[in-house]
Amino acid sequence: MNLLRPLFAGLGALALTLAADAAGGAKKAEAPEGGWSFAKVPAGQLDKESLQRGFQVYKEVCAACHGMELLSYRNLGEKGGPFYSDEYPNANDNPLVKAIAAEYEILDAAPDEFGDPVYRPAVPADTFRSPYPNDQAARAANGGALPPDLSVITKARGKGAEGDGATYVYALMKGYPDPDKIKSTTDAEGNPVNYLEFDKDYTVGTLTQPLGVYYNPYFAGDTTPQWEGDPRHKPYGGFIAMPPQLPADRVEYMDGTEATTAQMAYDVAMFLHWAGDPKQTQRKSLALPVMLYLVFLSILLWFSYKRIWRNVAH
Amino acid sequence: MSGHESTYEPKLGITKWLDSRLPIVRLAHDSFVDFPTPKNLNYWYTFGGILAVCLAIQIITGVVLAMHYTATVDEAFGSVERIMRDVPFGWLIRNIHMVGASMFILAVYVHMFRGLYYGSYKAPREVLWLLGCVIFLLMMATAFLGYMLPWGQMSLHGANVIINLFGAIPLVGESIQSWLMGGPSVGNQTLQRFFSLHYLLPFMIAGVVILHIWALHVPGNNNPTGKEVQDVEKDTVPFHPYYTVKDGFAIVVFLIIFAAFVFYAPNVLGHADNYVEANPLVTPAHIVPEWYLLPFYAILRAITFNIGPIEAKLLGVIFMFGSIAVLFLLPWLDTSKVKSMRYRPVAKQFFLGFVVACLLLSWCGAENPDNPIIKMGDDKLVVTYTDAAGLEGSRVFEEYAPASQFRDETAAAGGTASLGIQVAPAFRFLHLSQLMTLYYFAYFLIILPFLGLRERPKGEPDSIHHSILGNDAPAAAPAE
């Protein structure tokens, strides 16, 4: 089939890219059961209620350390966003968005008439307030680790397929070991030592968790130096400076949904996926019409080709 | 085709007036309407048209992107994201440009493999082939420069790797390096010159494309038989409408694949690390170029040995650039008189091997060279120790329990011991890339030159119309 050749060539290029992996020993993240609603072909869409809950998780938990400097409050009320409303096509008029913005006090870019800095409540046009004034302050407050900006975190993880990054966030947030499994003892000098015991298949041994970092199988890294056991079968993953953030009921959802760890991880992953590509709703709504148009046009051209060439042996 | 008479007849007053002053409509008519084209071109020949469309798409979307992009290290990353977020349909324009780069190069690879298979580089089309190679080089440069612009981690560190290659050149290497970077390291001044050049090169490509089409229209198209047109009536049809409709169909099918990437997986052809803003202090664990550069990257990394006084690093650079340079020599390396590999049963097999070698090289380029492909045996444990008496030694174990027991006993007895992995011998990506690099060069430098002298072609038709209608067929019916 001559027709299929360009298609195979395209798939070949795709396969090559998929082979290009650099996940640094981390466990492969699995999407939630049933997959992500937004990754469905031909026209997957975000779950708006989940987005709203995810924003609540971001606001009440993540925002304490992580900024989102590419987002403005108005984005929340734009089409496809968590608080979009048909009544307010201009997000700057959306009272909900205005109220959310007004909760934050920010430094105005312009000083007052005497040249003094002006602090004022944010408006929808302002960008999300960052938790720290600069990277140094962020590191100082987090034991030397820099909490990454979350604006495009879902595009910066995985292999670039739709939902890869959300899957990573989801797996990471609920991937911490059960707190009951982390045991404590003291070393010869009386310092506390936390450790985890593994006994699954060939991975048998003890993993020491250094103070100030936390084991997570989905976080890229190397467990070898902390592993007491067969080095050929060390546990996946590495140590992350962020403690487990989403124990059950960490937030109280306004819509009454039960705040399990998995639910919160799912919602915040959905929210961050939206934030990484806020125009994805438009992209996915336009996808099907474009594809149908091109397929229809190719059919017309195929018959034109057959007709024009009908008397020419070739 | 040269020698074929123009059939253009201006009808309107204005076209008559123009035709006697600047016969540009006549030129277009003779080149794209009444141009005699072999009847037997298959779908592999539609990629020229597809590439023209790709170039136009890249230039149009690129000009719009440049209106919104800021080429400074502080703002580049954010400005690309703002295009995606705040510019009307900016997400679509940027996705098309980003995916378009991959589709453009995918199409050029198919176009080049087609040329290799049907011998389109042979007399009288050597200049056509050389111009194509120049376009290919310019495309590679443009793609590399463009990948720098979003100023992500891969942009910065990929640029570093490539620019460092020039440092391997003796004597002038370091000067070239700082000349490219515009300073001692990749920084703002590099980004600005890369942006400037990224805007310039596509127009140079467009210029060379015009020469390429000119060089095509002098001897006319090659075709799957490799036979030159002998009888315009029997062998050819006018380009329009026959090939406008056939190319048009292929272009739309290609656009379906293109659109599938743009709308359903815009980021799958890139690398996730490029959505992390560039940071010179943090090097990504695994620097890989874009997929289309992977075969060349694999060749670069395959050279891990010195030859005589030439060190491995320089040798790798020589081989990498040599892999493209050899394409320029191809018209004089292939000694076979028969153009199309359809009638070269042995060469056909080697060509297939060449395609496989290129694909395997891409695979090697994406993987860590030390990763095993086929393991020979299992990894073992090795305990290296210094015992209480100060004697050094090592012991190898299959199982963990006795190994750790031995280590602990040695330590308890007053010595020191540590446990590590003894990696089993394996056939690694490095080995595969070395074999495939060898084949890549052997194909051009040994197989094609010698095979052409010895091979017995099979079943070559007398002419294009004979191949269509069979050699036994009576006089062919003229085309309409």
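This is a predicted model: local features need pLDDT of at least 70, side-chain atom pairs count only at pLDDT 80 or more; totals for chains, interfaces and linings use all residues.

Q: Where is B:Phe89 found, and what is its phi near?
A: B:Phe89 is in the loop between helix H4 (76-86) and H5 of chain B. Its phi is near 60°, a positive value in a residue other than glycine. Helices here are DSSP runs of H or I with at least four residues, strands are runs of E with at least two, and both are numbered from the N terminus.

Q: Which residue of chain A has a positive phi although it is not a glycine?
A: A:Asp201, with phi of about 50°. A:Asp201 sits in the loop between strand S4 (192-200) and strand S5 (203-209) of chain A. A:Asp201 is exposed, because 7 other C-beta atoms lie within 10 Å.

Q: And cis peptides, where are they?
A: One joins A:Val41 and A:Pro42, with omega about 10°; A:Pro42 is in the loop between H1 and helix H2 (48-60) of chain A. Another joins B:Ala123 and B:Pro124, with omega about 5°. B:Pro124 lies in the loop between helix H5 (90-117) and H6 of chain B.

Q: How about A:Asp164, buried or exposed?
A: Buried, because 22 other C-beta atoms lie within 10 Å of A:Asp164. A:Asp164 is in helix H5 (residues 164-173) of chain A. A:Asp164 and A:Ala29 are 135 residues apart in sequence and 8.5 Å apart in space, C-alpha to C-alpha.

Q: Which helix of chain B bends, and where?
A: Helix H16 (residues 429-454) bends by about 50° at B:Ala442. The bend is the angle between axes fitted to the seven residues ending at a residue and the seven starting there. Buried residues of H16(B) include B:Phe429, B:Met436, B:Tyr440 and B:Ile447. The buried residues of H16(B) pack against elements of chain B including helix H13 (312-333), helix H14 (345-366) and strand S7 (426-428).

Q: Zooming out, how many helices and strands are in chain B?
A: Chain B has 17 helices and seven strands, and chain A has seven helices and eight strands. Buried residues make up 40% of the 480 residues in chain B; for chain A, 33% of 314 residues count as buried.

Q: What about domains?
A: Chain A is divided into domain 1 (41-67 + 144-176 + 252-302), domain 2 (72-127) and domain 3 (177-243), with bounds from an automatic or database domain assignment. The C-alpha centres of domain 2 and domain 3 of chain A lie 44 Å apart. In chain B, the C-alpha centres of domain 1 and domain 3 are 88 Å apart.

Q: How many residues does the contact take from each chain?
A: 51 residues come from chain A and 54 residues from chain B. H7(A) gives the largest share of the chain A side that touches chain B, 14 residues.

Q: Last one: what pLDDT does chain A average?
A: Chain A averages 90, and 92% of the residues score at least 70. pLDDT is the predictor's confidence in each residue, from 0 to 100. Over residues 1-7 of chain A the pLDDT is below 50, and that stretch has eight contacts in the model beyond near neighbours in sequence.

Technical notes
Residues are numbered from 1 along each chain as its sequence is written. Chains are lettered from A and ligands numbered from 1 in the order in which they are written. A residue is buried if 20 or more other C-beta atoms lie within 10 Å of its own, exposed if 12 or fewer, and partly exposed in between; C-beta atoms are placed from the backbone. Two residues are in contact if their C-beta atoms, placed from the backbone, lie within 7 Å.
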